[in-house]
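The exercises below are to be worked with the sequence and the coordinates open. Each one gives a task and then a solution in steps.

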Amino acid sequence: MDELKRIDELRNILTKAGYEYYVLDKPTMTDYEYDMLMKELIELENKHQEYYSASSPTNRIGGEILTKFEKVTHVTPMMSLSDVFSLEELENFITKIKKDYEDASFICELKIDGLSVALEYEDGLLKRASTRGNGVIGEDITNNVKTIKSVPLSIDYKDKLEVRGEIFMPKASFNKLNKEKEANGEELFQNCRNAASGSIRQLDSKIVAKRNLDVFLYYYLGIVNSQEEALLKLKALGFKVNPYYKHFSNFNEIKEYVNYIESIRETLPYDIDGIVIKVNEMSLHDKIGYTVKVPKWATAYKFTPEEVLTRLEEVTFQVGRSGVITPVANFKPVMVAGSLVSKATLHNEDYIISKDLHEHDYIYVHKAGDVIPEVVRVELSKREPNSKMIQMIKNCPCCHMPLTRLEGEADYYCRNNNCQERVINSLIHFASKSAYDIDSLGDKLVRLLYEEGYLRNISDIFKLKNYEEELKSLPKLGAKSIENLLSAIENSKHNPLNLLLFGLGIPNVGAKAARLICEKFSTMDLLMNASKEELLNINEIGEITALEVINYFNNQTNRELILELKELGLRMDYPTMEVKQSFFTGKKVVITGTLSIDRKDVKKILMEHGALPVESVSKKTDIVIYGENAGSKLTKAKELGIRLMNEEEYKKALE
């Protein structure tokens with residue numbers, strides 16, 4: 001047989017066998033037969049490299065090693081879900097929807113304990129896979145997802161299509177992995193979710209391939225009339241869909257289903273932490289609506305958390321970026337809901353009093369929502385005689401200044417703006433994923449740079465490039481780490497105004513409030529001169545928040561910081577325009593050299609047309625637009641084979 005025909009035949013045989021084994025769970029050949037055919041295909045493809053195919057089963061083996069994960073902006077935000085923790089809350093959710101939409105029905109699906117993924121297909125081929133990230137910006141994990149055998153590398157669908165689901169690690173894979181880690185004297189994974197998350201973020205895709213991850217798909221971003229139809233379409237296209245989904249019309253039916261799933265939960269070959277309930281009819285979704293973070297037409301019922309008894313060892317006190325003092329319970333480490341925990345927040349003095357918490361008490365701990373450790377109650381029968389109740393401290397544990405508690409508030413505050421812990425935590429907040437999202441600038445590095453004298457305020461972050469050589473001498477910071485950090489800092493300057501506003505840490509201005517404010521005041525100059533009345537005219541902005549914003553910008557030190565950030569090149573506007581679909585939509589574009597128009601204007605035009613302007617050239621860059629005197633970026637783009645466009649070609653592409 002002709003070798004090229006044999007390659008096609010092997011690809012078809014192995015793709016079909018993989019689908020039957022990993023999606024249908026109905027194997028039609030032995031592992032040995034599969035391995036031998038795969039070996040033959042690899043040898044033939046190596047011999048005929050010109051016959052490469054992106055959909056070949058050999059792409060699941062892995063092999064590409066990345067230096068970092070590129071950022072991805074989701075075309076449609078990946079929203080999280082609201083939670084309910086009792087059948088009563090679930091009934092209220094159902095009743096509220098049925099009151100307004102009597103004909104609404106519901107789809108119940110298992111809430112897989114893993115991590116969300118978005119899969120994008122183009123011309124039938126898997127083009128990109130990305131994490132949820134903060135819901136708007138995730139990370140490109142395509143090479144790693146290709147190693148998951150239940151993810152189809154090609155589908156019978158010629159247009160663009162995005163589907164979403166949950167990557168997870170089966171219990172059998174988890175147990176096997178931990179046995180290997182134990183034999184090698186390595187730290188064990190605590191649960192399947194952590195193992196899946198840690199695996200998918202490996203920079204070496206060969207390691208991911210060995211972890212035997214799996215996926216269930218549940219979200220179809222095409223045109224369908226119902227969630228049930230979406231699941232059927234996913235199955236028809238060859239995606240793996242969890243078989244336990246059910247269609248119901250009322251709460252009593254849903255209640256029976258919840259009780260049944262809870263009874264079989266431990267027998268499932270994967271971890272679940274609840275059940276997702278969605279309105280089945282797509283036509284009702286927009287009518288029912290959304291909050292900023294979650295859809296109102298869906299919720300997640302979370303199973304009752306496991307409670308574990310342990311002994312309180314001490315209570316310590318943390319200083320937040322706003323100066324709030326948070327007591328923390330430190331207890332003897334215990335396994336709770338699959339992971340080892342040793343700390344839980346006690347919130348404030350009133351919380352401690354409500355729990356009647358004494359020194360060295362035995363306490364019950366659970367994970368609220370199966371995630372956050374929480375002290376439930378004290379086991380009074382084990383309390384030591386003459387034990388003293390936990391007392392709130394009177395002075396800051398960092399700067400030792402007296403604490404204050406305002407009338408009507410539960411929290412104590414350190415009012416010293418120069419308190420070291422306050423400054424460090426404000427910098428950590430600014431760089432965090434939910435705020436300005438500076439990749440590589442994590443909590444530990446912020447602390448290190450503060451201790452070494454490089455960081456004292458937000459503007460110092462954007463001056464780190466002046467100390468590139470000095471930074472290389474710091475512990476655990478090599479040349480590549482510094483290069484990645486400085487590149488991430490430069491790229492972050494393009495973040496819209498709402499992320500900057502949230503990152504500044506103005507009291508009562510969270511992510512949602514920052515976005516609402518910036519939708520009204522689209523530039524920093526307009527915002528800095530806004531009146532209290534104008535702020536109060538914004539829906540959901542109350543008097544306290546308005547006053548905090550006014551007070552912040554009336555402070556001369558803060559105004560000087562904003563001016564300095566402007567001079568350092570940070571973006572000071574919020575995009576109010578609708579993104580136009582164009583040739584540039586979704587593409588990462590680097591601009592280099594001198595053009596006839598200002599590069600800032602080019603970036604703005606590109607963003608209006610859906611592009612993602614970035615500063616540095618990498619393998620993930622789609623286009624480099626170059627002008628006169630273009631230097632190293634153009635050279636690197638040529639070496640990597642990236643598409644190049646001069647100014648004239650760029651203008652034609654816009655048209």
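## Exercise 1: a residue at the end of a strand

Task: Determine which residues Phe-168 touches, leaving out those up to four places away in sequence.

Solution. The model is a predicted one.

Step 1. Phe-168 touches Ile-112, Asp-113, Ala-196, Leu-213, Asp-214, Val-215, Phe-216 and Tyr-270.

Step 2. Locate the residue: Phe-168 belongs to strand E7, which covers residues 161-168.

Step 3. Classify its exposure. The relative accessible area of Phe-168 is 3%, and the limit for a buried residue is under 20%, so Phe-168 is buried.

Step 4. Phe-168 and Phe-216 are 48 residues apart in sequence, and their C-alpha atoms are 8.2 Å apart.

## Exercise 2: a charged residue in the same strand element

Task: State whether Glu-162 is buried or exposed, and find what its side chain makes a polar contact with.

Solution. 

Step 1. Glu-162 is found in strand E7.

Step 2. Its relative accessibility is 12%, so Glu-162 counts as buried.

Step 3. The side chain of Glu-162 makes a polar contact of 2.8 Å with the side chain of Arg-164.

Step 4. List the contacts beyond four places in sequence: Glu-162 touches Ala-118, Leu-119, Glu-120, Tyr-219, Tyr-220 and Leu-221.

## Exercise 3: nonpolar cores

Task: Find how many residues the largest nonpolar core has, and which of them have the most contacts inside it.

Solution. 

Step 1. The largest nonpolar core has 61 residues. Those with the most contacts inside it are Ile-438, Phe-462, Leu-500, Leu-535 and Phe-553.

Step 2. Helix H12, residues 420-431, gives the most to this core, namely 6 residues.

Step 3. Examine Ile-438. Apart from neighbours within four places in sequence, Ile-438 is in contact with Phe-430, Ala-431, Ser-432, Ile-461, Phe-462, Ala-488, Ile-489 and Ser-492.

Step 4. A second, separate core has 38 residues, and Val-163, Met-169, Ala-195 and Tyr-220 are among them.

## Exercise 4: a helix pair

Task: Describe how H1 and H2 cross, and which residues of H1 meet H2.

Solution. 

Step 1. The axes of helix H1 (residues 3-22) and helix H2 (residues 31-47) come within 10 Å and cross at roughly 145 degrees. The crossing of H1 and H2 is left-handed.

Step 2. On the H1 side, the contact is made by Glu-3, Arg-6, Ile-7, Leu-10, Arg-11, Ile-13, Leu-14, Ala-17, Gly-18 and Tyr-21. On the H2 side, Asp-31, Tyr-34, Leu-37, Met-38, Glu-40, Leu-41, Leu-44, Glu-45 and Lys-47 take part.

Step 3. Sorted by class, the contact of H1 with H2 has 11 nonpolar, 1 polar and 7 charged residues.

Step 4. For the spacing of such lists, recall that an α-helix has 3.6 residues a turn, so residues three or four places apart point the same way.

## Exercise 5: buried positions of a helix

Task: Identify which helices the buried residues of H18 pack against.

Solution. 

Step 1. Helix H18 spans residues 511-520, and Ala-513, Ala-514, Leu-516, Ile-517 and Cys-518 are buried in it.

Step 2. The buried residues of H18 pack against helix H17 (497-503), helix H19 (524-528), helix H20 (532-536) and helix H21 (543-554).

## Exercise 6: a buried arginine

Task: Find what the side chain of Arg-571 reaches.

Solution. 

Step 1. Arg-571 is found in the loop between H22 and strand E17 (588-592). Arg-571 is buried, with a relative accessible area of 12%.

Step 2. The side chain of Arg-571 reaches the backbone oxygen of His-494 at 3.2 Å. A polar contact of 3.1 Å joins the side chains of Arg-571 and Asp-573.

Definitions and conventions:
Residues numbered from 1 in each chain as written. Predicted model: local features only at pLDDT ≥ 70, side-chain atom pairs only at ≥ 80, totals over all residues. Heavy atoms only, no water. Helix = DSSP H or I, 4+ residues; strand = E, 2+ residues; numbered from the N terminus. Buried < 20%, exposed > 50% of the residue type's maximum accessible area, 1.4 Å probe, protein only. Contact = heavy atoms within 4.5 Å. Core = buried A, V, L, I, M, F, W, Y, C linked by side-chain atoms within 4.5 Å. Axes fitted to C-alpha atoms, helices over the stretch in contact; angles between N-to-C directions. Left-handed = near helix turned anticlockwise from the far one by under 90°. Nonpolar A, V, L, I, M, F, W, Y, C, P; charged D, E, K, R; others polar. Polar contact = N/O pair within 3.5 Å; in protein donor to acceptor, adjacent residues only side chain to side chain.
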